[in-house]
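Dear colleague,

Please find below the structure that I am handing over to you, followed by notes on what was found in it. I have kept the cut-offs beside the terms, in case you wish to repeat the calculations.

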Amino acid sequence: MLAAFESILPIFLLILGGNWLRRLPLIDPGAWIGLEQIGYWFLYPALLFVTIYNADFSGLELNAMMMALAAALVAMLAITCGLWPLLDRTGLVKRTEFSSIFQTAVRWNSFMALAIAQKMFPPAGTAVVALVMAIIIIPLNLATVLLVTRFADRNANWRKIGRDMAINPMILGSLAAILFRCLPFHLYGPLNQTLGLVGNAALGMGLLAIGAGLRLGDLWRPRVALFLPVMLKLALFPALLVGAAVAFGITGSQLSYLALCAAVPTAMNGYLLARQLGGDAELYAAVTTVQTAASFLTIPAVLSLTAQITG
């Protein structure tokens, strides 16, 4: 566990650095909004594309991994949705809060997973993160948009939502990478290298942006809506995915790669979705802060427990 902790420490130091920089009077607050927009529309899609396109899936148990991912994701979506009647009856969670609980429970921070995989694991670990990206980013975005709209605004403009989904840069980047992998020719070398440079910049800048978006004061305001998605995302989902992977016969280091993908906290881009569709964006930001802080300890714990299973 100590080795995993020390490997992940640089990632969290960069996140803390982003939070520290935001508090200094040296940088215009509007610069962080610009960084989010550049990341959303250019840096992150380029990173998704180049990671999925260049991933070497040889030697991986692709069929078993895809089935384990699908089973765990469906189970997680069903369990999270199934909690709403109970939360509604007991009054523990407001209707306006549930869409952010759902988003933060099922979304995952692929950029943090990539950064940790590059630090801890051989190229095969990065390839598994790319595989998870290719499989779950599109269905997760569809599911979250539908549920946020259902709970936030019954009179939502579905034509606009459909248009926004059609131009979602994360979905387009993933689809483009899958398409280019199927073509009979390779991407032009210098262009591939250019996108690789963009991807390298995206990881560092993305981690700084995550830190800048955190609100540490939210750590000291306990409530069910805040801590329920923390337990769902950082404890339940790793257990579901590791359990499904073991059931489908995945062992060894490949099980650890999947465990990492399950253990990372939620992604910040869901905050923009909550804000655009009328969800509880403030709660989303608060949950993201608590999850990111807690994952500093839970990620090494999940990886350590998984290593014991594989060992």
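The count comes to 2 cavities of 30 Å³ or more, where a cavity is a set of points, on a 1 Å grid over the protein atoms alone, at which a 1.4 Å probe fits but cannot get out, and where lining residues have an atom within 4 Å of a point. Grid points are joined across faces, edges and corners, and a volume is the space filled by probe spheres set on the points. Please bear in mind that this is a predicted model, in which local features need pLDDT of at least 70 and side-chain atom pairs count only at pLDDT 80 or more, while totals for chains, interfaces and linings use all residues. Residues are numbered from 1 along each chain as its sequence is written, and side-chain values use heavy atoms, with hydrogens and water left out.

The largest cavity holds about 210 Å³ of space, and among the 13 residues that line it, Glu 36, Tyr 44, Ala 209, Met 268 and Asn 269 lie nearest its centre. Helix H2 (29–54), helix H9 (189–213) and helix H12 (269–277) are the elements that give two or more residues to this lining, helices being DSSP runs of H or I with at least four residues, numbered from the N terminus. By class, the lining of the largest cavity has 9 nonpolar, 3 polar and 1 charged residues; here Ala, Val, Leu, Ile, Met, Phe, Trp, Tyr, Cys and Pro count as nonpolar, Asp, Glu, Lys and Arg as charged, and the others, Gly among them, as polar.

For the second largest cavity the volume is about 150 Å³, and its lining is likewise made of 13 residues, of which Arg 107, Trp 108, Ile 137, Asn 141 and Asn 269 lie nearest the centre. Helix H5 (110–120) and H6 each give two or more residues to that lining, with H6 giving the most, 4 residues. The lining of the second largest cavity divides into 8 nonpolar, 4 polar and 1 charged.

Helix H6 (residues 123–152) is also the place of Val 145, which is buried at a relative accessible area of 6% (buried means under 20%, exposed over 50% and partly exposed in between, with a 1.4 Å probe and protein chains only). Not counting residues up to four places away in sequence, Val 145 touches Ile 161, Met 165, Leu 273 and Leu 277, contact meaning heavy atoms within 4.5 Å.

Turning to the aromatic rings, the structure holds 8 aromatic pairs, for which rings of Phe, Tyr and Trp (its six-membered ring) must have centres within 6.5 Å, with planes under 30 degrees apart counted as stacked, over 60 as edge-to-face and the rest as tilted. Phe 12 and Phe 296 form a tilted pair, because their ring centres are 4.8 Å apart and their planes stand at 55 degrees. This pair links helix H1 (residues 2–23) with helix H13 (residues 281–310), across 284 residues; Phe 12 is buried, at 6%, whereas Phe 296 is partly exposed, at 24%. Trp 84 and Phe 151 have ring centres 5.2 Å apart and planes at 90 degrees, so that pair is edge-to-face, and it joins helix H3 (residues 62–90) to helix H6, 67 residues apart. Trp 84 is buried, with a relative accessible area of 12%, and Phe 151 also counts as buried, at 12%. Finally, ring pairs link Phe 49, Tyr 53 and Phe 180 into a cluster.

With best wishes

Technical notes: On a 1 Å grid over the protein atoms alone, a cavity is a set of points where a 1.4 Å probe fits but cannot get out, and a pocket is an open set with protein on both sides within 12 Å along at least five of seven lines; lining residues have an atom within 4 Å of a point.
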